[in-house]
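Dear colleague,

I am handing over the structure below, and after it you will find what came out of going through it. Please read the notes with the structure open beside them.

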Amino acid sequence: MTLPAAAPAHADAPDYLHTGGGVAGWLNTRDHKRIAIMFYVSVLVFLALGGVFALALRTELLTPERTVMDAMTYNRMFTLHGVTMVWLFLIPGIPTVFGNFVLPIQIGARDLAFPRLNLASFYVFLIGAAVTLAGMIVGGTDTGWTFYTPYSDQTPTRLVPVVIGVFILGISTIMTGINFIATTHTLRAPSVTWRRLPLFVWAMYGTSIIMVLATPVLGLTLLLIALDNGLALGMFDPAVGGDPVLFQHIFWFYSHPAVYIMILPAMGVINEVVPTFSHRRPASYAALAAATFGIAFIGFLTWGHHMFVAGISELDAGFFGVLSMFVAIFSAIKVFTWVLTLYRGSIQFNTPLFYFLGFLFLFVFGGMTGVAVATQSLDVHWHDTYFVVAHFHFIMVGASLTAFLAAAHYWFPKMFGRLYNERLGMVGAMAVFIGFNLTFVPQFLLGNLGMPRRYYSYPPQYQWLHVLSTGGAWALGGSLLLSLANLLAALKWGKRAPANPWYSRSYEWLTPSPPPTHNFPVTPALDTGPYDYTISEEEFRASASAR
Amino acid sequence: VNPTINDWLRTILFLPPQASTVAPAIDHLHYFVIITTMVGATGVALLAMWWLVRYRRRAPLQEPPPEEPAPSSIGLELGIITGLFLLFLAWWLVGFLQYLRVRVPPEDTYDIYVTAKQWMWKFAYVEGNQTIAQLYVPAGKPVKLIMTSRDVIHSFFVPDFRLKMDVIPGRYTTLWFEAREPGTHPIYCAEYCGTQHSTMRAEVIVLDQADFGRWLAAGQRERAHAPTPSEPSVVGELGPAQPMPLRQRGELVAAREGCLRCHTLNGQPHIAPTFAGMYRSRVPLAGGGEIVADDDYLTESMMDPLAKIHAGFVPVMPSYFGRLPPAEVAALLELIHSLGETPEKGTPP
């Protein structure tokens, strides 16, 4: 891997990119920053793959009947898109890249608690990804990423390799979760008390708890459907006394919390971006931290809202409906706190702030449509239509991917020691927002009209909305390429970044850009906590070298 | 809601016609929820944008920057959150009551049995009538569907009724509705169920009660005079079945039984080999070797489709053993005969 030469601000230690070791130095590294970069490259490749699948799907949907592929290929393609985006991009995305890179620095640690486990999690992730993708190419399962039984027991395609691949990916996720929890408990610098924990760390900590508690349930479910499909165990097959709806309960018991594995890290990024660019402490640190755990906890009690028309009892449906609304309450607390943080700030316009603004609209709209689909009588019409597709893409793409891009720009100077082109970055952020809306707003309308999801062919009256959506998808793809090209160009031609280009007061900006291998020459003593904008840049810097 | 406003909102929100008795109330909640959502999201984004511009940094950063005292926001925030919670609770309460109304059928329903399979809908009436892909119901009378699946989970969805219910193998689920007036409304399968999921469509044909009675009676007369107990009813046509050529009857059977979802008649390969030119052609087999597609092989393939699989096609065909009376098998064979013996074959997709 070739990375730009950038002299560290404190030239006494070489930065982590230039400690040498060649290729082996990267592949055998225990440095959380290098592992983060390896994850970064991997998840970007998978994002691109998932994006290509999405564009192929959208292109097929340009016409009501066959456009470029047959029905079986289409069904395999949407499965591939879902599996890739969920397990190879959204779930690992922010935690393994930015969590890995930033979390130890933000708590004043030299590395994660278990550096070898961290490296192992990367290779387990690669193995899982390879098995999953190979399974998709060879067997090409067509069940959709939800693997609903008993179709997945009977599918004419090969299911088992994909399921085993996702199982392995789950092991990697658990490793990451354990590592973050242990690190947060044991490696905080003495001055970083729980009350001074940066909000991004709180978000990672909450995410890790869900990872550790929910992923084993996914593993169990996947093994059971592999046994059902491969060895005719019959756990979920009514022909031999199994229960197909039981699968939906245990699948969503994992997969609904998994939504919060994807969104809490995104909220964590926003928690950092807003105070930095408004140069102000968050309107309420306690509210942001507590709401994280509110969401993490209540997320385990809402899975039934995926099953309002699957024959669960009306009373159960009522409980699941009202519990689901608490998620929106905790999310609203976060939204108001972010917006209130802007009030009387000293706001500096940079690309991450543009992504925050896009995130805000998409997250609030996507979140409130989430409450709408948790409203049972409305969900009866919307369930399994494009309305639901549009709703979860507002959260998964509109919020999570937007926050990923915000993080990619926000921490870029820290990770690579370079500054990207701000103007192009802002144009990219706006283009992503416009392309996204053009893709998914028509899908809300399609859902209202009653267009079911996972339809290869569709009645012709839906066509013009599909054409709009496909146009938007290509625009979105193009704007993502623009943003990526801007960042890649900055690796080589970008201006050298100072240690703290955004004048932030969060701890990671105390280290040079890029940081030396052990992050801090001495353990920093921070007497004021993060987000203290009453101190000057010199006072902030001084805290890094104390003790 | 005033009918003009109702129509106007329904149009801008792209909602289909309100053809069932529950649809208008559900739509009214829909309007309220979506308008609040739009206003909320736009309002928050506009407020953020206004503050972003209002408090933009006008001069280079001063050191140390002036930290304004935090606005005493706790009361305001608590107020907003409580208001929001009450709003959501109102959505939930109305939605839950409507859900109970949708889910719990009234006592005096007219019952129809629904069987879903890959990839068709079958409807059986208490009076003995049977249809495929066309659900005839009376207007202005509550109808209860008692549904099950023969293979995987399907979902019965009528957008114009705002109703949907999963159809699950090994158990029965129910769905009730009352259609407001005569008309035709599409039925979709909403739960992914395999290769041809998106073609698993049908329609609800709502007749007024007198016409529905005549339709039921016509079906009964047809069965009384028919030479076989399951004479195919002509799709969409009332009155007794007419004598017809075997080939034409084969086409009707092929359409009714779903053969044509996978097999084409025009030489175009689809999910399955085309019927055109199939008769007496040489069929390459998946396990190697080949076989001549004579009457024996064609019959075997209907009754036990996995016995000898045409190479290059995914084995998705269901067995018709016990489901096709001999006369209909003969009609299908005659149909395939009539499409020629040309050995020209499509290649698998």
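A:Arg505, A:Glu537 and A:Arg541 are linked with one another in a network of salt bridges, and I start with them in what is, please keep in mind, a predicted model. Over all chains, the count of salt bridges comes to 13 by the rule used here.

Another of these pairs within chain A is formed by the side chains of A:Arg453 and A:Asp384, which meet at 3.7 Å, N to O.

In chain B, the side chains of B:Arg256 and B:Glu257 meet in a salt bridge at 2.8 Å, N to O. B:Arg256 has a relative accessible area of 19% and is buried, because the cut-off for that word is under 20%, while B:Glu257 counts as buried at 4% relative accessibility.

The interface between the chains

Turning to where the two chains meet, 94 residues of chain A are in contact with 85 residues of chain B. The area buried between chain A and chain B is about 8000 Å², and carbon and sulfur atoms give 70% of that area. On the side of chain A, the residues that lose the most area to chain B are A:Glu314, A:Met368 and A:Tyr455, which together account for 8% of what that side buries.

How many salt bridges does the rule find across the interface of chain A and chain B? There are two of them. In one, the side chains of B:Arg171 and A:Asp243 meet at 2.9 Å, N to O. In a salt bridge between B:Arg103 and A:Glu314, the side chains meet at 3.6 Å, N to O, and this pair crosses between chains, from helix H3 (residues 74-103) of chain B to helix H10 of chain A. B:Arg103 is buried, with a relative accessible area of 11%, whereas A:Glu314 is partly exposed, with a relative accessible area of 24%.

The rule also finds 23 residue pairs in polar contact across the interface of chain A and chain B, with both residues at pLDDT 80 or more. Several elements of chain A give two or more residues to the side that touches chain B, among them helix H3 (71-106), helix H8 (244-278), helix H11 (351-374) and helix H16 (463-493). The largest share of that side, 17 residues, comes from H10(A). Sorted by class, the side of chain A that touches chain B has 56 nonpolar, 26 polar and 12 charged residues.

Nonpolar cores

The largest nonpolar core has 263 residues, and those with the most contacts inside it are A:Trp87, A:Phe98, A:Phe147, B:Trp121, B:Leu135 and B:Phe156. H3(A) gives the most to this core, with 20 residues.

Is A:Lys33 buried or exposed? A:Lys33, which is found in helix H2 (residues 32-60) of chain A, is buried, with a relative accessible area of 0%. The side chain of A:Lys33 reaches the backbone oxygen of A:Thr517 at 2.7 Å. Leaving aside residues up to four places away in sequence, A:Lys33 touches A:Tyr16, A:Phe101, A:Ile105, A:Pro515, A:Pro516, A:Thr517, A:His518 and A:Asn519.

A:Thr176 lies in helix H6 (residues 160-186) of chain A and is buried, with a relative accessible area of 5%. With residues up to four places away in sequence again left out, A:Thr176 touches A:Thr96 and A:Ser121.

Chain B as a whole

There are seven helices and 12 strands in chain B, and buried residues make up 48% of its 349 residues. Among the contacts in chain B between residues at least 6 apart in sequence, 62% join residues at least 24 apart.

With best wishes

Note on methods:
Residues numbered from 1 in each chain as written. Chains lettered and ligands numbered in written order. Heavy atoms only, no water. Contact = heavy atoms within 4.5 Å. Buried area = accessible area lost by both parts, 1.4 Å probe. Salt bridge = Lys/Arg side-chain N within 4 Å of Asp/Glu carboxyl O. Polar contact = N/O pair within 3.5 Å; in protein donor to acceptor, adjacent residues only side chain to side chain. Helix = DSSP H or I, 4+ residues; strand = E, 2+ residues; numbered from the N terminus. Nonpolar A, V, L, I, M, F, W, Y, C, P; charged D, E, K, R; others polar. Buried < 20%, exposed > 50% of the residue type's maximum accessible area, 1.4 Å probe, protein only. Core = buried A, V, L, I, M, F, W, Y, C linked by side-chain atoms within 4.5 Å.
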